[in-house]
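Open the model in your viewer and keep the selection panel at hand. The stops below run one after another.

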Amino acid sequence: MASVHTVSMNHSDTAVGISESPRFSWVIESPFRNCVQSGYQLQIAGDSHFTSILADTGMVDSEDSAHVEVDAFVPEQGRVYYARVRVRTDSDGETAALSGFSPPGKMIGGLKDPDVLKDYFITAEQAEDIRKARGTYLRKEFTVDKKKIASAIIYSSAQGNYQLMLNGRRVSTDELAPGWTSYDERLLYQSYDVSELLNVGTNVVGAHVGAGWYKSTLSFLMIHNFYGDYASLSLLMVITYTDGSIDTVASDVSWKGDYSPVFNAQLYDGETYDAREEQDGWSMAGFDDRSWRPAVSTPCTSKRIESQIASPVTLHEYMSPTLAFTTPRGERVIDFGQNMSALVEITGQGKRGDTIVLRMFEVLDKDGNVYTDNLRSAEQRITYTIRDDNPFFYRPHFTFFGFRFIHVEVWPGRADLDNFAARAIYSDMGKTGHFECSNPSINQLQHNIEWGLKSNFVDVPTDCPQRDERLGWTGDAQIFCRTASFNVNSYAFFSKWLRDLALDQTPEGGVGHVVPDVLNKYPVENPMLKNNTHSAAAWGDAAVINPWVMYLTYGDTEILERQWDSMKAWIDFMKDHSEGHIWNYRLQFGDWVALDAEEGSYFGATPNDLTCTAYYAYSTGLFVKIARVLARDSVADEYDALQRDIIRTFRSTFFTEDGEMTVQTQTAHILALHFDLVSDEHRQRTFQRLKELLEKEGGHLVTGFVGTPYFTHALSANGGLTEAYDLLLKDDFPSWLYQVRKGATTIWEHWDGIKPDGSMWSPEMNSFNHYAYGAIGEWLYRVVAGLEIDEASPGYKHSIIAPKIGGDLTRAEGSFRSIYGEVRSSWNVEIRQKRKHVTLTVSVPVNTSSSIRLMDGAVLVDGDGLVFAQRGEVLEAEAGSGTYRIRFTL
């Protein structure tokens with residue numbers, strides 16, 4: 001019998017702060033093949049036992065199991081809801097079978113008018129604290145009636161970062177709340193169910209508040225107080241009793257505040273904490289706060305306040321160090337064996353007033369000593385003063401670090417492994433993808449890709465987590481989006497970031513180099529960026545490419561609808577600033593940090609006219625597809641004509657009459673092939689020339705940010721599967737596996753961040769945790785494992801499974817937990833009598849179907865009940881849900 005495994009709301013298992021009708025999805029499991037849903041019943045209740053059902057669809061005759069709305073249901077402010085679903089299915093084993101109800105999913109109704117929180121901002125800071133990043137406490141005692149509580153919800157936010165306490169307990173596991181948005185435009189609020197934390201009688205709500213992105217030093221421009229002067233809290237608690245009565249508690253000047261033990265907390269520099277200043281019980285009833293000062297009301301500097309629906313920053317893996325050692329220079333170092341974004345935890349014992357000083361860093365220099373030059377001005381330091389002679393535990397509050405190693409600069413006695421731990425910190429995104437194969441180096445590469453993602457998805461998709469930058473570079477996010485969306489549930493994460501991208505666009509539609517855009521607000525003294533802080537090809541194209549990837553991956557048109565104006569504005573910006581359909585604009589990064597750049601330059605050899613126009617054509621083509629999806633056919637027709645004009649111009653400009661490209665770089669040929677800018681007549685010649693350019697470099701790439709993500713795709717899609725695998729499996733410089741061979745545990749910013757002789761790239765820009773080149777992960781999933789999306793039926797409602805076997809791999813497996821369930825492909829190869837004997841195992845989720853395609857030249861041995869037919873040059877079969885074991889030879 002089928003069962004409903006999970007139910008989600010708006011792509012999250014628990015949805016909070018919802019003020020509009022949510023969209024429900026669920027995963028069905030069945031032991032039978034070809035199982036499809038024929039009906040569903042969805043119920044919503046005010047309690048987890050469903051004794052008070054508020055909405056019931058009854059059995060609806062429908063195959064829909066994703067993005068389903070319940071008519072007339074809108075969550076109310078201050079209420080908690082639970083949703084469950086059961087389904088009717090037909091399969092090979094049974095018909096009209098009715099499942100049991102799913103485990104419930106939880107929702108919290110959001111504020112009717114979020115801007116009401118603008119009236120409640122208070123601070124414990126004083127005028128002398130404006131240029132500081134000191135931590136403060138805020139607290140308020142209140143009374144709860146003896147009546148039975150139905151629900152108690154806190155709606156809160158901060159200008160800065162905050163940790164919320166209720167009766168001495170943390171209200172949530174969120175870190176760095178409320179996260180980073182384009183604060184001038186919008187600020188997010190959080191919704192917390194605190195029903196179980198309240199006591200009858202006296203209660204205390206408290207908040208620990210820090211500077212965060214709001215007022216600490218931000219960007220390599222080193223701007224202080226970027227968004228405002230005072231770190232502040234806004235809070236509204238709504239207590240609903242079972243008799244229908246409501247009490248509220250709001251932050252106001254009746255609250256009291258004081259300084260916390262956090263003397264300085266900066267995102268780049270770390271945290272200074274004096275445990276002697278701790279105040280035991282400060283967030284509990286009975287604490288003596290007579291010495292505390294009244295809170296002060298402070299204005300909200302954001303135009304609007306909106307709800308954070310999902311994906312808060314939280315703590316994840318617990319990491320123990322692997323080695324403690326002393327460097328040749330005599331430095332005490334703790335090695336965690338993994339580069340990461342994390343919070344350090346320290347334990348130990350000392351004397352009152354003893355100080356501990358730690359500095360976090362990524363790599364050792366070639367002599368095995370501490371190397372911090374690539375941090376630039378970021379201190380990445382903890383300074384902790386011990387309270388007394390009792391054992392202590394400390395973890396920072398309002399910062400995070402990008403590191404593998406700790407330099408123990410000061411420690412009372414000898415620091416050893418048992419004094420240290422770390423907790424990885426990144427946005428809460430469920431793991432959805434898995435890839436592994438028979439090559440250990442490729443598996444390490446996949447590991448590095450995943451940790452690069454985790455390290456740089458701390459609320460915004462940053463370039464790096466360690467130096468004085470950590471900005472949401474749009475190019476990096478665009479390049480890596482598809483890979484990220486295989487590995488984690490990125491919908492809420494990117495949806496939130498794309499909202500800020502749209503808000504930060506220029507009046508003409510230009511897209512910032514970084515989002516939130518911190519380069520446009522103040523004069524930029526950097527000579528390269530001066531007056532050139534937006535609208536670069538491949539960077540600005542995140543406005544179109546990322547929503548399209550979200551739609552393909554999750555099958556949800558909501559993000560296309562919401563980003564429509566932003567996408568159109570970007571296309572129009574390029575159109576308005578093009579000349580004869582050749583687009584170029586001010587500063588372009590081009591094929592950033594390509595190895596064919598001139599000595600001392602970061603800009604690759606492929607000219608900007610080509611890279612810009614290629615992306616102009618590509619994004620316009622995607623925009624046409626999006627317009628068709630949204631049934632805006634007249635717009636689609638208009639921009640389809642525009643794209644054809646751009647492609648004609650590209651061909652006449654960058655190809656000779658006999659089909660030779662006028663630009664002889666790898667990247668030029670990659671873009672022409674992958675973006676379908678080359679005519680059918682000249683495709684083979686362009687492909688052959690790309691192979692020649694690859695051979696010219698000894699089979700190595702010399703591409704940068706623009707060419708690298710598509711290199712293996714351009715090869716394998718045009719008959720160069722062998723060359724694509726050869727490129728992937730290279731392990732000398734430059735290559736993906738060169739980094740692995742050098743001991744990398746994340747992806748590097750440069751192919752030769754550490755050079756073959758052990759020396760470093762320039763410290764001005766040399767991150768060892770920079771996910772962009774990890775975009776190769778997309779090819780591992782889509783080509784090696786063969787997991788492909790059907791654009792006509794996105795979200796894996798209909799998938800295409802077509803693995804391409806090659807290289808020295810004898811085994812590979814890839815899976816993706818789609819909104820319908822897990823899509824999986826794994827293959828094994830045995831060589832017998834000079835032929836490859838392949839076993840392909842495929843899993844197709846319930847309520848979906850798949851086209852299974854074998855490689856060119858495959859001879860079917862056993863189709864496991866599937867009917868394969870010759871379609872073009874391949875054998876293909878249509879499969880319903882279930883697991884299939886297919887055998888063939890090559």
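Start with T327, in the loop between β26 (323-326) and β27 (332-348). Strand and helix labels follow DSSP runs numbered from the N terminus: helices are H or I with at least four residues, strands are E with at least two. This is a predicted model, in which local features need pLDDT of at least 70 and side-chain atom pairs count only at pLDDT 80 or more, while totals for chains, interfaces and linings use all residues. Residues are numbered from 1 along each chain as its sequence is written, and side-chain values use heavy atoms, with hydrogens and water left out.

Is T327 buried or exposed? T327 is buried, at a relative accessible area of 5%. Buried means under 20% relative accessible area, exposed over 50%, and partly exposed in between, using a 1.4 Å probe and protein chains only. Now show what T327 touches: V333, G368, N369 and V370, with residues up to four places away in sequence not counted. Contact means heavy atoms within 4.5 Å.

**Two helices**

Select helix α5 (residues 542-554) and helix α7 (residues 608-629). Their axes come within 10 Å and cross at roughly 45°. That angle makes α5 oblique to α7. Angles under 35 degrees count as roughly parallel, over 145 as roughly antiparallel, 65 to 115 as roughly perpendicular, and the rest as oblique. The axes are lines fitted to C-alpha atoms, for helices over the stretch in contact, and angles run from 0 to 180 degrees between N-to-C directions.

The crossing of α5 and α7 is left-handed. In that case the near helix is turned anticlockwise from the far one by less than a right angle; clockwise would be right-handed.

Which residues make the contact? From α5, pick V544, I545, W548 and Y551. From α7, pick Y615, Y618, S619, L622, F623, K625, I626 and V629. The residues of this contact divide into 10 nonpolar, 1 polar and 1 charged. Here Ala, Val, Leu, Ile, Met, Phe, Trp, Tyr, Cys and Pro count as nonpolar, Asp, Glu, Lys and Arg as charged, and the others, Gly among them, as polar.

Stay on α5 and centre on I545. I545 is buried, with a relative accessible area of 5%. Leaving aside neighbours within four places in sequence, I545 is in contact with Q478, Y615, Y618, S619 and L622.

**Sheets and strands**

Next, colour the open sheet β40-β41-β45-β48-β47, which has 5 strands and mixed pairing. Two strands pair if DSSP finds at least two bridges between them. The edge strands, each pairing on one side only, are β40 (787-789) and β47 (869-871). From one strand to the next, the twist averages 35°.

Zoom in on β47 and β48 (residues 874-879), which pair in the antiparallel sense over 3 bridges. R871 stands opposite V874 in β48.

Move to the open sheet of 6 strands, β14-β13-β16-β11-β19-β22, with antiparallel pairing. Its edges are β14 (169-170) and β22 (293-294). Select β13 (residues 161-166) and β16 (residues 201-210): 6 bridges join these antiparallel strands. L164 stands opposite A207 in β16.

Finish on β35 (residues 433-437). Its covered face holds G433, F435 and C437; H434 and E436 are on the uncovered one. An antiparallel partner, β42 (residues 811-818), is joined to β35 by 5 bridges. C437 stands opposite A812 in β42.
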